[in-house]
Amino acid sequence: MDKYIDNYGKYTKRVRMLYVCSLLLFVFLAVFEYVCSGKILAAIGALACGVVMFVVIKLLQKADDDFISEVVAAMSDLLDNLSDLKRQQVFPENDDSLVSRLQSKVDKIIDALKLQNSRERLEHENIKGLVSDLSHQLKTPISNLRMYTDFLKNPDISDDERTQYLQVLELAVERLSFLSESIIKVSRLESGVSHS
């Protein structure tokens, strides 16, 4: 920001200096014309030409300022397109100007950001699907644990049945262990996706 203020200050000083130099030059030419020819009309004509040139320079500066303002407004629109992630032509595409090339680069950034957003959305949906699948898969081993624990409470079961029920319970515990580790991994993945 300071650099911009410094540059703008230098620019306005230069413009004022050019105006003063131009004005002094035309006054000098009018005086010189009067001294050389001795005719006041010739001096007034030279001074009038100087005033006309001064007005032309001022109009050219105004035209430049207007053009620069239009370019800055269009750049603002281009940045709005970037923040909204929408491609909209602000500068002519076929033009080989700096602003046209800038628009092309902004369009590439917009495309890259859209692609990244869609990938993240897809990853998020995949993780949501995994979480849903894992929570559904948890129900079976939990119901097996409940059911076979109730079977084991029955004092009338045989030793073979007790061994068989304990094996089923062991498998259910292993399944729960695997699923809980999977949930932790998915949770870490989801955390990574949401922070990226």
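This is a predicted model: local features need pLDDT of at least 70, side-chain atom pairs count only at pLDDT 80 or more; totals for chains, interfaces and linings use all residues.
Is Leu47 buried, partly exposed or exposed? Leu47 is partly exposed, because its relative accessible area is 37%.

Residues are numbered from 1 along each chain as its sequence is written, and side-chain values use heavy atoms, with hydrogens and water left out.

**The nonpolar patch**

Leu47 is found in helix H2. Helices are DSSP runs (H or I, at least four residues), numbered from the N terminus. Leu47 also belongs to a nonpolar surface patch of about 1100 Å². Other members include Leu23, Val27, Tyr34, Ile44 and Leu59. H1 and H2 each supply at least two residues of this patch. H2 gives the most, with seven residues.

Patches are made of residues with over 30% relative accessible area and no salt bridge; like charges are joined within 9 Å, and nonpolar side chains (Val, Leu, Ile, Met, Phe, Trp, Tyr) within 5 Å. Accessible areas come from the Shrake-Rupley method with a 1.4 Å probe; for residues, only the protein chains shown count as cover.

**Helix H1**

Helix H1 covers residues 2–37, and Val20 lies in it. Val20 is partly exposed, at 44% relative accessible area. Val20 and Gly9 are eleven residues apart in sequence. In space, their C-alpha atoms are 17 Å apart.

A positive surface patch is formed by Lys10, Lys13, Arg14 and Arg16. Lys and Arg count as positive here. The place of a charge is taken as NZ of Lys or CZ of Arg. Lys13 is found in helix H1. Lys13 is exposed, with a relative accessible area of 60%.

Leu85 lies in the loop between helix H2 (40–84) and helix H3 (98–153). The phi angle of Leu85 is near 55°, a positive value in a residue other than glycine. Leu85 counts as partly exposed, at 21% relative accessibility.

**Salt bridges**

How many salt bridges does the structure hold? There are six. A salt bridge is a side-chain nitrogen of Lys or Arg within 4 Å of a carboxyl oxygen of Asp or Glu.

| Pair | N to O distance |
|---|---|
| Asp111 and Arg87 | 2.9 Å |
| Arg101 and Asp96 | 3.7 Å |
| Glu125 and Lys128 | 4.0 Å |

Take the side chains of Asp111 and Arg87, which meet in a salt bridge. Asp111 lies in helix H3 and Arg87 in the loop between H2 and H3, so the pair ties together parts that are 24 residues apart in sequence. Asp111 is partly exposed, at 34%. Arg87 is partly exposed too, at 47%.

In the pair of Arg101 and Asp96, Arg101 counts as partly exposed at 43% relative accessibility. Asp96 counts as exposed, at 62%.

Glu125 and Lys128 both lie in helix H3. They are three residues apart, about one turn of the helix. Glu125 is partly exposed at 43%, and Lys128 is partly exposed at 44%. Elsewhere, salt bridges that share partners join Arg87, Asp107 and Asp111 into one network.

How values were computed
Buried means under 20% relative accessible area, exposed over 50%, partly exposed in between (1.4 Å probe, protein chains only).
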